Amino acid sequence: MFSYLQRTGFMPLVVRGIMAGICCLSMTAKGLEPFTRLSGSGADANLFNMAGSNTIGAELGPELVKAYLQAKQAQQIKVEETGLNEVKVTGSIPSLKRTVSIAISAHGSSNGFRQLEAGSVQIGAASRPIKNSEVRKLGGEAIRSADHEFILALDGIAVIVNQTNPLKQLQVEQVANVFSGRFSQWTQLGWGVDPIKLLARDPQSGTWDTFNNLVLNGRGELATSAERLESNDDLSRKVANNPNTIGFVSLNTIGRAKALAIADGGDHYIKPSAASVATEDYPLSRRLYMYSLSDDAFVKEFLAYTQSPEGQAVVEKSGFISQKVVRLPQTDLSTMPKDYQDMVKGHQRLSVNFRFVAGKADLDNKAIRDLKRLGDFYAQQGGNKKLLLIGFADADVRASKQSLLAKLRAKVVSRELIKTGMSHDTFKAEGYGVLELASGESLAGKTKNRRVEVWIEK
């Protein structure tokens, strides 16, 4: 047993400090403290700059900056285009007779990390997690800590076809066959006689990088016939206008196209939706990130604002999935195992899943911040309903150990919730065993499957 716990990372059990890396906001009754001291000279004071993901920079980034400036009591806030996929957000500070500005460029997640390395921006926006090669260039593992990595929002990559296409669902393997060119005719998917027209995001985009990692990784390269586009919106419009096209876009840019249900092995097909993306159950769900190594007070305050309820409300308004904990709509569990149905009977699922650092027993950065979000939600509910924490294990763990590992994961979350001030009487930790959401052959699949669901009594 001792060696088993060592192998799974639970011996010794070292869980990071709950609130590590969460910046504290200085609030007044009306919001953030107004500007009092600004560096720089002249009428225009540049607060900070941001570069990276088109998914974030197209709308969400500017909207968050605008809301932040409004909370700082700036006036006459404007968003001005300064180039292709580049904007500057400005606002005037009447008491100081100055204008503040924040420049945002959106040329892909990889570009954001390069500009962080060059020192030309203070925040890198990414629609994928940072790569090991980028970590090394930016000084090492510190940038992956909760002090420097901020999960901004949740999103799903939707595989889209024209509304006239009768297809409803595909396996991830089938999607890979299509985009690698192994399936080049619609007849190979049971419809039509025309060639498949492939549309893909440009190589610099986080949307492409995530799709490549979740779908094509180990299954082939993107077909050379694919047309590459820099914009999700442009790709979606092309699919909506051509019945022979198929592409992939961010969840909030499906537009007039049709999104397919996706399964990663098995027959559990899941459509991209607010609920399936919020829990990250959807096979092609992803996180949107902001990274920063800056010690600047305004940068830290802005990043903390993105994590606040006010910042997450902007996320929701921009069409992405916020990290606010809510009750999910009642779902049909008829296709789920009977023992799972029995376990959750009388409960309603919440929108938060707790996940772990790959290969470790530590909660990841999103989970660390979700502890407080869950506590706030529970307090708002009146505190008279019990929570049910259900842990899940890995399929490649010996069957006799699966239930133990699943319950250990639930207990990690329960212990951390107690550290935030919640009573141990408010929840029950259970281990289900194995119920895979994705193929456990890849690291991404393993990370998705290693989770703790949260349910609340009805």
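Glutamine 73 has a relative accessibility of 39%, so it counts as partly exposed. It's a handy place to start in this predicted model. Glutamine 73 sits in the loop that links α3 to β4, the strand covering 75–83, and its phi is positive, near 70 degrees, even though the residue isn't a glycine. As background, most residues other than glycine have a negative phi. Step into β4 and there is another case: glutamine 76 belongs to that strand, and its phi, near 50 degrees, is again positive in a residue other than glycine. Glutamine 76 counts as exposed because its relative accessibility is 65%, and the cut-off for exposed is over 50%.

Now go back along the chain to helix α3, residues 60–71. How does α3 cross helix α10? The axis of α3 comes within 10 Å of the axis of α10 (residues 297–307), and the crossing angle is roughly 110 degrees. That angle is why α3 counts as roughly perpendicular to α10. On the α3 side, the contact is made by Leu64, Val65, Ala67, Tyr68 and Ala71; on the α10 side, by Phe298, Glu301, Phe302, Tyr305 and Thr306. Sort these residues by class and you get eight nonpolar, one polar and one charged.

α6 and α7 pack with their axes 9 Å apart, at an angle of about 115 degrees. Here Val172, Val175, Ala176 and Phe179 of α6 meet Phe211, Leu214, Val215 and Leu216 of α7. By class, this contact has eight nonpolar residues and no polar or charged ones. Helix α7 is largely enclosed by the rest of the structure, because eight of its eleven residues are buried. Those buried residues are Gly206, Thr207, Trp208, Asp209, Thr210, Phe211, Val215 and Leu216. Just after the helix, glycine 218 takes a positive phi of about 80 degrees.

Glutamate 453 is in strand β19, residues 451–457. Is glutamate 453 buried or exposed? Its relative accessibility is 2%, so it counts as buried. Beyond residues up to four places away in sequence, glutamate 453 touches Tyr340, Arg349, Asn353, Leu388, Leu389, Ile390 and Phe392. With tyrosine 340 there is a polar contact, side chain to side chain, at 2.7 Å. Leucine 350 is 103 residues from glutamate 453 in sequence, yet their C-alpha atoms are 7.9 Å apart in space.

The other stop is arginine 409, in helix α14 (residues 399–419). Arginine 409 counts as buried because its relative accessibility is 7%. What does the side chain of arginine 409 make a polar contact with? The partner is the side chain of aspartate 394, at 2.9 Å.

Methods: Residues are numbered from 1 along each chain as its sequence is written. Side-chain values use heavy atoms; hydrogens and water are left out. Axes are lines fitted to C-alpha atoms, for helices over the stretch in contact, and angles run from 0 to 180 degrees between N-to-C directions. Helices (H or I, at least four residues) and strands (E, at least two) are DSSP runs, numbered from the N terminus. Angles under 35 degrees count as roughly parallel, over 145 as roughly antiparallel, 65 to 115 as roughly perpendicular and the rest as oblique. Contact means heavy atoms within 4.5 Å. Ala, Val, Leu, Ile, Met, Phe, Trp, Tyr, Cys and Pro count as nonpolar, Asp, Glu, Lys and Arg as charged, and the others, Gly among them, as polar. Buried means under 20% relative accessible area, exposed over 50%, partly exposed in between (1.4 Å probe, protein chains only). A polar contact is a pair of N or O atoms within 3.5 Å; within protein, one must be able to donate a hydrogen and the other to accept it, and residues adjacent in sequence count only if both atoms are side-chain atoms.
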